Structures are given as C-alpha cells and as structure tokens.
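Dear colleague,

Please find the structure below, handed over for your reference. A short account of the findings comes after it.

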Amino acid sequence: MIILPAIDLQNGKCVRLFQGDYATAKVVAESPVETAKQFESQGACWMHMVDLDGAKDGKPRNSEAIFQVLDNVDLHIEVGGGIRDMETVEHYLSRGVSRVILGSAALRDPAFVREAVKKYGKKIAVGIDALDGKVAADGWTEQSQVDYIELAKRMEEIGVHYIICTDIYKDGTMNGPNLVMLDKLNRSVSCNIIASGGVSSLLDIVNLYDLGLYGAIAGKSIYQGALDLRAAIIACQKISSKASKNRTAVDDELERYFRKSDLIPAIIQEESTGEVLMLAYMNRESLVKSMQTGYTWFYSRSRNTLWNKGETSGNTQKIVSIHADCDDDTLLVKVHQKGPACHTGSRSCFFKKIIHNG
C-alpha cells in the first residue's frame, strides 16, 4: 500500500482543515517546497496536493505553488481542487503532475470525466467526498443526495482506475478512518481505492492495508508527529514484500527506481563480510519477485527473460536487505550467499585484479 503525505494549499501556504470547514483552516507549514522535501527525505515517492482555494472557486488558484514543488522534488504528485475542464487537466499534466483528481466534475459533468479518462487513462483519478454517505461538492461546501457507492460505480463504468474516498466527518479529526465505509467501497468496485481522512497512527495504516486498499493519505497526523511517515512507509513496504494484496500499489511504489530506464543495476553484497559478489540487472517484475520470495531474481538482457539465482546450481542468494542509492538508480542487495556467486566457481565475480596500490 502506498502512503501519500498531503499538502493542502490555501493562499500558497500549507494548511489543515477540520471536517472540511474552511473557517477552521490552520497553517501547518509556510513553505510547500520545504515540506515536500521533508516528505521526500523520509522515503515518500507519492504526494497528495489539494488546491483548497481552487476547489471552492472552481479554477486553479495555487498552481504555481504546486509547480514550484514539482521543480524541487523527485516525487510523483497527484493534484486536486478546481479541475473542471480539459484545459486545466492539460495545464497540470503537461507540467509533470502524475495524476489529477476530478471531484465536483465527477458528480456534475460525467461526460468530461469520460473524455479525460479516454485521453489520459490512469493519470485521471476521481475524488469522492461524502457526508453520511452522500457526495459533497465545491470544496465540500455543498452536499448532494447521490450515494458515494452509486457514484463510484458510475466512475468504474467510465473507466476510472483510482478513487480517493474521504469521509468528511473524519477529515482532520485524528479519530481514525472510516473502515466500514472504505471496505464497502473497495468491495463494490474494481477501482484502486485511496483512503483519506482520519488517519492518526501506524495502527490505522495497518488496518487500511488489511482492507486491501491501494493507498492512504495522511496529513494532520504527520504534521503533529502522531504518525512517523518514514516508519509508515517502511512498514507498508515490508508487508507488501511478503504478501501484496494490490499489485498496482507495488508497481507504483517501485516506479521511482525505473524513471531513467526499464532496467536497474543491482550490486550484490555478502551481508556477513561486505564482499561484493556480482552485478546484475533487475526490471520491475524481477524486483517484485525478489521482494516477495526473499531470494534474488534478475533480468537477462541476452535471453530477455527473468532468472532466479541458484535455481539450477543451488547457489542461492537469500536477501537480507535492499537499499537504493541517493539517485534511486542503483540497488545494493545484501544477501546470504550459498556457495560461489560466479558461474566460474569463484566466490565473487570480481576476482580479476587490474591494479593494486598498497
């Protein structure tokens, strides 16, 4: 499951609301850029941003602040608030936003949602915000009589892949997410569900994971220190590596490592001695299989297929840990090596000395 730390923007500053009430807006950070950098340093690869002024006015009001964040961090960012036409969708996507969220438009202009999904596919998400199960609109200032499940099914028929679901009563309360509401939604549609509102602790994250959700948005709990973002991300990665319930979430979580190429070099190191054993390449599928099985899988560039180290020789590599370098384009995989790592019979593939000074 993916954790998406949140930045809600009002007048260019990071704020939080209580139950969607604009009158309760409280500044939690002055600089969106510095806040995003902190999220990135704690391991986030996705971030959720909402233009609160835009949501109320029906057109972007904080897009420049969003673009400043995009220019200063290496994160996937989904953006919502005031996106009511194709021009605005293109305005964001053309500047590097990974996913745009259509909220009020989903309720009032399904033809627009259909057009956006047809053109941009998985880059379109729908936000469904509800009070007592009924969908709210215009920055939560107006409430309809449309049931949230009914709207979700309409969006599923249109082809929407991602739904961000918020129980407004839970938003900003730190009282835990509405698990019953989210579970019902997740069982009713095939869309990837992102939970929003009420997340207050690591236990909430685990409970959401157990529902089989794609993602969870956390805001106030991070700003107040109740939820350790780094710990939440690590916990989800560990759980997902053992038994992923949502392959899409795993793929999106790992996407950061394949931005430059479909293959990433993996340096294999003996954990007990620090000896470098070999270098091989992983693609998305082999990295996922390595995480799920606990043993190394690689991609053969010559044979164009996956291969499992030690499958025929018995010289297996049991994974202890996987680390990424500072640029997220090389992996260091620490293992317990059984037998030699090299096909020549040598313990390490690096046995040909070229130069040795002292």
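The model is predicted, so local features need pLDDT of at least 70 and side-chain atom pairs count only at pLDDT 80 or more, while totals for chains, interfaces and linings use all residues. Residues are numbered from 1 along each chain as its sequence is written, and side-chain values use heavy atoms, with hydrogens and water left out.

Helix H7 (residues 148-158) and helix H8 (residues 179-188) pack at an angle of about 30 degrees, their axes being 10 Å apart. H7 is therefore roughly parallel to H8 (angles under 35 degrees count as such). On the H7 side, the contact (heavy atoms within 4.5 Å) is made by Tyr 148, Ile 149, Ala 152, Lys 153 and Glu 156; H8 contributes Met 181, Lys 184, Leu 185 and Ser 188.

In helix H1 (residues 32-41), the buried residues are Pro 32, Val 33, Thr 35, Ala 36 and Phe 39 (buried means under 20% relative accessible area, with a 1.4 Å probe and protein chains only). Seen down the axis of H1, these residues fall within an arc of 160 degrees, so they line one face of the helix.

Asn 308 belongs to strand E16 (residues 305-308) and, at 17% relative accessibility, counts as buried. Its side chain reaches the backbone oxygen of Thr 296 at 2.8 Å. Leaving aside residues up to four places away in sequence, Asn 308 touches Tyr 295, Thr 296 and Trp 297.

With kind regards

How values were computed. Helix = DSSP H or I, 4+ residues; strand = E, 2+ residues; numbered from the N terminus. Buried < 20%, exposed > 50% of the residue type's maximum accessible area, 1.4 Å probe, protein only. Polar contact = N/O pair within 3.5 Å; in protein donor to acceptor, adjacent residues only side chain to side chain. Arc of directions from axis to C-beta. Axes fitted to C-alpha atoms, helices over the stretch in contact; angles between N-to-C directions. Parallel < 35°, antiparallel > 145°, perpendicular 65-115°, else oblique.
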